[in-house]
Amino acid sequence: PLRWAALVPPDRSGREAAHDLKAAAVTAGCQLQEPIRVPASTNDLQVPVEQVLAARPDAVLLWTEPSTAGELARALRRAGFAGRLAGPGQLSSESFLRCAGAAAEGLILPTLALTPRAGASVSEFNDEYRNRFSAPPDSLAILAHDAALLLVHILRKSDPDLSYRKFPFQETIAGASGP
């Protein structure tokens, strides 16, 4: 079976990510070494990189905030790790790419597969999001927007006490990710 290493934050989010990644490894039939905790504020990545390399994994899961993940990707590649790198959708960001540089090449990320019908909607959403938050949205922001849009639509069209009866939803509405 494939062997994975995971780098996660040392806080509660890291514990939750480690738990979820362990469950995913079991489901995928992979072996996951004990996730390595990496503080976002660390400048010395030698110890976690050495821990990863000692485990000789086939893939490394970079489950940290984007700039730390970028630095880790660069440090792993510089140390000779040639296996796969993967991470959460939040790594689809300018800060990750800026920190990772060429080490981002081949990174595996989950993302939305937008339909051609989503083109104008997602473009408009991206522009509005960037204007408001001075950063591009990630896939989760688009999905959260569409989930809120759907909820508001349902609440406006039905008696609030009976809204649950609208599921499963039978209408099509235009969201940022498409219909």
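Guide: Let us begin with Leu7, whose bridge partner in S3 is Ile36. Please keep in mind that this is a predicted model.

Visitor: How many bridges join S1 to S3, and do the strands run parallel or antiparallel?

Guide: Two bridges join them, and the strands run parallel.

Visitor: Which residue stands opposite Arg3 in S2?

Guide: That residue is Gln31. S1 and strand S2, which covers residues 31-32, are parallel and joined by two bridges.

Visitor: And how many bridges join S1 to S4?

Guide: Four bridges join S1 to S4, again in a parallel arrangement. Within this pairing, Trp4 has Ala59 of S4 as its bridge partner.

Visitor: Is S1 mostly covered or mostly open?

Guide: S1 is mostly covered, with five of its six residues buried.

Visitor: Staying with S4, which way do its buried residues point?

Guide: They point to both sides: Ala59 and Leu61 go one way, Val60 and Leu62 go the other, and all of them are buried.

Visitor: What pairs with S4 over three bridges?

Guide: That is strand S5, residues 84-86, which pairs with S4 in the parallel sense. One of the positions involved is Val60, whose bridge partner in S5 is Leu85.

Visitor: What handedness does the unit of S4, H3 and S5 have?

Guide: The β-α-β unit made by S4, H3 and S5 is right-handed.

Visitor: Let us turn to H2. Which of its residues are buried?

Guide: The buried residues of H2 are Pro48, Val49 and Val52. They lie on the same side of H2, because they cover an arc of only 100 degrees around its axis.

Visitor: What do those residues pack against?

Guide: The buried residues of H2 pack against strands S1 (3-8), S3 (36-37) and S4 (59-62), and against helix H3 (66-78).

Visitor: I would like some detail on Pro48. Where does it sit, and what does it touch?

Guide: Pro48 belongs to helix H2, which covers residues 46-55. Leaving aside residues up to four places away in sequence, Pro48 touches Leu7, Ile36 and Val38. Leu7 and Ile36 are also the bridge partners with which we began.

Visitor: Why does Pro48 count as buried?

Guide: Its relative accessibility is 8%, and the cut-off for buried is under 20%.

Visitor: How far is Pro48 from Arg37?

Guide: Their C-alpha atoms are separated by 7.9 Å, and the two residues are eleven positions apart along the chain.

Visitor: What follows H2?

Guide: H2 is followed by Arg56, which has a positive phi, near 50 degrees.

Visitor: A change of topic: how many aromatic pairs does a search of the whole structure find?

Guide: The search finds two aromatic pairs. One is formed by Phe125 and Tyr129, with 5.8 Å centre to centre and 40 degrees between the planes, and this pair is tilted.

Visitor: Where do Phe125 and Tyr129 lie?

Guide: Both are in helix H5, residues 119-133, where they are four residues apart, or about one turn of the helix. As a general point, an α-helix has 3.6 residues a turn, so residues three or four places apart point the same way.

Visitor: What about Tyr129 and Phe133: why is that pair called tilted?

Guide: The planes of Tyr129 and Phe133 stand at 50 degrees, with the ring centres 4.7 Å apart, so the pair is tilted.

Visitor: Finally, the whole chain. How many helices and strands are there, and in what order?

Guide: The chain has six helices and five strands. From the N terminus, the order is β-α-β-β-α-β-α-β-α-α-α.

Visitor: What share of the residues is buried?

Guide: Buried residues make up 35% of the 179 in the chain. The accessible surface comes to about 10,900 Å², and carbon and sulfur atoms contribute 54% of that.

Visitor: And what part of the contacts joins residues 24 or more positions apart?

Guide: Among contacts with a separation of 6 or more, such residues account for 62%.

Conventions
Residues numbered from 1 in each chain as written. Predicted model: local features only at pLDDT ≥ 70, side-chain atom pairs only at ≥ 80, totals over all residues. Heavy atoms only, no water. Buried < 20%, exposed > 50% of the residue type's maximum accessible area, 1.4 Å probe, protein only. Contact = heavy atoms within 4.5 Å. Areas by Shrake-Rupley, 256 points an atom, 1.4 Å probe, with all protein chains shown as cover. Phe/Tyr/Trp six-rings, centres within 6.5 Å; stacked < 30°, edge-to-face > 60°. Arc of directions from axis to C-beta. Pairing = 2+ DSSP bridges. Right-handed = clockwise from strand over helix to strand, strands pointing away.
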